[in-house]
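Please walk through this protein chain with the model open beside you. We take the helices in turn, then the sheet.

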Amino acid sequence: DDPPPRKFIAGESEREVARLREALCATRRQIVELQEQVEKSLGAKDAAIFEAHVMVVEDGVMIDEVEKLIRSESCNAEHAFYTVVHRYIRSLGEMEDPYLRERAVDIHDVGRRVIHNLLGREPSALGGLDAPKVVVAHNLTPSDTVQVNREFLLGFATEAGGRTSHTAIMARSLRIPAVV
């Protein structure tokens with residue numbers, strides 16, 4: 001959900017930009033940590049999926065857009081970030097190329113993590129499964145798939161996604177039955 005805009009007085013925009021940068025740094029650390037875990041358990045090929053996530057969090061053009069929006073609209077970092085990221089997600093989601101459409105999920109995954117860091121929340125993950133279940137969802141992110149408690153995940157089905165999605169690739173590597 002779109003974090004509601006919170007206006008502030010002039011001069012506070014740099015504080016919001018600093019919050020954004022801190023959240024981006026925290027997100028990058030989390031992604032690299034996740035990437036290292038995947039490399040240890042599945043190998044470098046599967047861990048490379050998270051390189052795309054690192055690239056998103058380091059995308060200078062996108063970050064500049066967010067910072068400009070914070071300054072020009074005097075709005076909070078989470079609202080500005082959400083606004084810009086979802087513009088990218090919509091654009092990619094409208095592409096003809098299925099590979100490019102799937103990259104919208106990667107941006108969503110990173111965006112959700114940045115927003116959670118800005119709001120001081122733990123990212124919700126499927127790691128909390130405590131009984132055998134089949135998960136049915138509109139879509140799952142690569143992070144969701146990797147962090148799921150595999151002891152209780154019998155499989156999953158998603159409405160969105162395809163064979164080239166990073167989520168499907170991770171599911172195959174983890175031997176999780178999946179229908180996308």
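Helices (H or I, at least four residues) and strands (E, at least two) are DSSP runs, numbered from the N terminus. The expected span of a helix is 1.5 Å times one less than its number of residues. This is a predicted model: local features need pLDDT of at least 70, side-chain atom pairs count only at pLDDT 80 or more, and totals for chains, interfaces and linings use all residues. Residues are numbered from 1 along each chain as its sequence is written, and side-chain values use heavy atoms, with hydrogens and water left out.

Start with α4, residues 60–73. Its 14 residues reach 20 Å from the first C-alpha to the last, close to the 20 Å expected at 1.5 Å a residue. Met62, Ile63, Val66, Glu67, Leu69 and Ile70 are its buried residues (buried is under 20% relative accessible area, exposed over 50%, partly exposed in between, with a 1.4 Å probe and protein chains only). Seen down the axis of α4, these buried residues fall within an arc of 155°, so they line one face of the helix. The arc is that of the directions from the helix axis to the C-beta atoms. On the other side, Val61, Lys68 and Ser72 are exposed. The cover over the buried residues of α4 includes α1, α3 (49–57) and α5 (77–93); contact here means heavy atoms within 4.5 Å.

Now look at the two ends of α4. At its start, a side-chain oxygen of aspartate 59 comes to within 3.0 Å of the backbone nitrogen of valine 61. Just after the helix, serine 74 has a positive phi of about 50°.

Turn to α1, residues 13–41. Its 29 residues should span 42 Å at 1.5 Å a residue, and the end C-alpha atoms are 42 Å apart, which agrees. Its buried residues include Leu20, Leu24, Ile31 and Leu34.

Leaving aside residues up to four places away in sequence, glutamine 35 touches Ala47, Ala48, Phe50, Glu51 and Val54.

Three strands form an open sheet in the order β1-β2-β3, with parallel pairing. β1 (133–137) and β3 (178–179) stand at the edges with a single partner strand each, so one side of each lacks a neighbour in the sheet.

Note on methods. Two strands pair if DSSP finds at least two bridges between them. A polar contact is a pair of N or O atoms within 3.5 Å; within protein, one must be able to donate a hydrogen and the other to accept it, and residues adjacent in sequence count only if both atoms are side-chain atoms.
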